[in-house]
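Open the model in a viewer and keep the selection tool at hand.

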Amino acid sequence: MTGRVLRIELRRSSAWPTGLVIALLGIAGLLSLVPTNQDGLWDAQWTLLASFQRIMLVVLWPLTLGAGAWQARRDRRSKAEELLGTTARPSWRRVLPTAFAMALCLVVGYVLIFAVGAVNVAGTTDYFSSNWLPVALVGALSLVAAGWLGLGVGRLVPSVYTPPVLVVLGFLVLLVPIQLSKGDAPGPESLLGPGFTTTVREFQMIAPAVDLGQFVWFFGLALGGLLLALFGRRIASVTAVVPVVLALIVALPIFSAAPAGGVQADPAASAEVCTHDGGPTVCVTASHGQDLATLVGPARQALAALGKLPNPPSSVHEVPDDRPGPQPADQVWFDAANHTAGQGWDAKSGAELAAKILAGAGTKPCDQGNSMDRLTYEVRPIVAAWLIGQYPAPGMAVEDPDENAERTALWQALAALPKAAQAQRVAAVRQAGLACGDVGAALSGGH
Amino acid sequence: MGRLLALYLRCRHVPIAGPAAIVATVLVALLGDNPENPLETVDFAVLALALGFSVLGNGLSGADEQLERTASIRWPVWRTVHVVVAGALLFGTVALVSHAPAGMLLRDAAGFAGLTALAAALLGGQLSWTLPIAWAGVAAVVPPLGTHSVLALISWPAQPPDSVAAMVLAIVLGVLGVACYALRSGRTHLA
Amino acid sequence: MVRAVHSAELAPTTYGWHINATELRVRAGRRMAVDGLDLRLGQGVHGLLGPNGAGKTTLIRALATVLRPAGGELNLLGQRVGGRLDLRSLRRQIGYLPQDFGYYKQFTVREFVEYMGWLKEMNPREVPDAVQRAIDRVGLRERANSRMKQLSGGMLRRAGIAQAIVNSPDLLLLDEPTVGLDPAQRLEFRTLLRDLGQQACVLVSTHLVEDVAAACSNVVLMDEGKLVFQGTPADVAARGGQQDVGDNPIERGYTALLTQHRAGVHQ
């Protein structure tokens, strides 16, 4: 019988429209990044999809609060309180199917968003781990917590104004950690929000401690919301505070075990996938395993070109930003940032890709992206051009006339040297790159 | 006329909702008003406006819409004036307390007024808050970088006052919403 | 006070009296709408009559356990109401149709009645049959799968009656059940009432004196929160004379009883 009532609630209450709206908004949020080519933010990796979905909770969570509060007012809105009040079944039993219908529809809505995103992710990467599962699970749980909390507050304050005020309060509460995180590093309390304030990148994952703490916290919050919904305006609803406070007491210390921001490296995503065909070894990260085949040819070309140098390297490795140095002398390191999810390596041809691998004579810049100094930035394509024997190297022409003039000057200075000295300078650049030394000085023969 | 106006305002819950809307709007706008952080100021001002509309929006449908429809007064005029006055009131309130640019607030007030009226016409006064608050919330969390037209339109309420796309969208929403509401009125029956 | 007690033929079977109120006082807001009412009712159909504001709805709401008595004593189905008593077992035996009854507009008629059956804690196995029976009895079989919001006023009323009777209550309280029914439906409803009165104590508040005459075995007349008269429809009719206002003997009797009562009170 309870099953039949649950079915009635599923079909007739505002549960399924709520789940549908949540799903549509979430899917729209995912797809809105496609026209700007920013879908790499979520479709590069399963963990990325799960955590991007969590980021979208900043919008979905407050709206769910409001939906719960709206559902809670159904009795009053229908003026059915008197009739229902005279029935034998206690009112908390009446709320139970409503709450479960709501939870079920919210979870289904959340899963739908993930399913739509999953189609893209499956087409982008072969790397699969279960890191995303706890992240998605906590997300769905947090949505249930929002629905039940809204239901509870709506029963406590059955006013027409409760739903909108609750939604705005939800937005304000969730906005505050975002505002805070723009200043100093976020504290563990920022992890109490359903979304993440830090963006998760491809080779990262949510720390298991964070998943655990958030699970405890949202479980407590959901339970508190449910108790509030069940008891409404009766004194027993004070008990709703207990699970919430308990969850808070348990969760906060768990958070402090995780790195600030809650994100850590995902060793499985950056693990190496290598060739075993007898030729020189070429390795990519597991996350980019499906694009190993297109890298092998250009990578071996690059190794052949590096053969002009003394003590040439013998293998090529794609490495993510956080791979600890120093780079071994017998390896070529290729920055994983040269890969775009869903599109592969950022090069129009094999020759361009080989040139990219040869930038800096097969070294990975020690300084990250933007902080690379201008001279290093200009020297790297020069040595690539020398190794290939073509200036500018394929795909490395610059449009800015000043920059072009500077580079050409460097190139001409190098080319003016005797052959052996040229090789010596390029080898010095490689040495400087391996040791995180001064690459510009190495090219100009200084120290 | 004065008597009719007083009764109309009473049946639209204005004596309670009006002051409540102003207080709530002022509170939220002041909470995030930070001259050193224009983004925060704008986000909170946008949410404050939407909150004000959602409180006043409940009054966009009367006790019995069908009964009212049969009255001979010029409903479209009353309804239009109602929405416009509500928008002007909230714009004035936020503009007084917030450091957000007035041009932006005026544009947002127009757009939100339309969204509120549209939701009232489609879903009823009790749900009139849905569209303005949802959109304000999205705008408050989506970074308002006008690099791409899709994102610029999604976050129109937080766009700078000189954004043409946001202005056009706000005007379209305002006119469309008010027109729908003026002609259809608010639905009353929804449970 | 005028009183003619004909309670022998209404004698109860299991409960003593289904409704037994002594000096009952019930507040409606600030007003004491039922103020010192003595009433004993058993099985059968009882028509509750009285002018506007007599306290009929307040009385019915108190009997339906919506309102708590402010004073006096009230026993329903052998249980004393008020104090800390658990109302649950009592409520399983009550059927109630409020004057202005609320319902979930999205539910179908069947879902609504089924839902109410669940709330009344009926045996789950009996619910589907009981729901069908209740819907059939009010003549809504064809519209059982229509949404409540699509029903006309009269059909809505019938759906309300269906939920009130779904649990075969021992105490059935109907506040203005005939409002909105068309003449044919009212005739059928009277038959249904007489039927229900065979097993239960049915209290029907109404303004329509013909309904009372046709369907009730007993008339309860209230004014200003007090019992004015209790007796058979024939007893009521017998009180009226040609000088009293009314279209038929019962209405004339009703007018006469009220006038008489008010004269007595205000002297």
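**Stop 1: a helix pair in chain B**

Select D43(B), V46(B), L47(B), L49(B), A50(B), F53(B) and S54(B) in α3(B), then P132(B), I133(B), A136(B), A139(B) and A140(B) in α7(B): the two groups meet, where contact means C-beta atoms, placed from the backbone, within 7 Å. By class, the residues of this contact are 10 nonpolar, one polar and one charged. Here Ala, Val, Leu, Ile, Met, Phe, Trp, Tyr, Cys and Pro count as nonpolar, Asp, Glu, Lys and Arg as charged, and the others, Gly among them, as polar.

This is a predicted model, in which local features need pLDDT of at least 70 and side-chain atom pairs count only at pLDDT 80 or more, while totals for chains, interfaces and linings use all residues. Residues are numbered from 1 along each chain as its sequence is written, with chains lettered from A and ligands numbered from 1 in the order in which they are written.

Helices (H or I, at least four residues) and strands (E, at least two) are DSSP runs, numbered from the N terminus.

**Stop 2: A17(B)**

Go to A17(B), in helix α2 (residues 14–31) of chain B. Is A17(B) buried or exposed? It is buried, with 21 other C-beta atoms within 10 Å; the cut-offs are 20 or more for buried and 12 or fewer for exposed. Beyond neighbours within four places in sequence, A17(B) contacts V55(B), L56(B), N58(B) and G59(B). G59(B) is 42 residues away along the chain, with a C-alpha separation of 8.0 Å from A17(B).

**Stop 3: chain A**

Select chain A, which has 18 helices and eight strands. Its C-alpha atoms fill a box of roughly 100 × 40 × 40 Å along the principal axes. Of its 447 residues, 50% count as buried.

**Stop 4: chain C against chain A**

Show the interface, where 26 residues of chain C contact 19 residues of chain A. On the chain C side, α2 (88–91), β6 (94–97) and α3 (109–119) each give two or more residues. α3(C) gives the most, with five residues.
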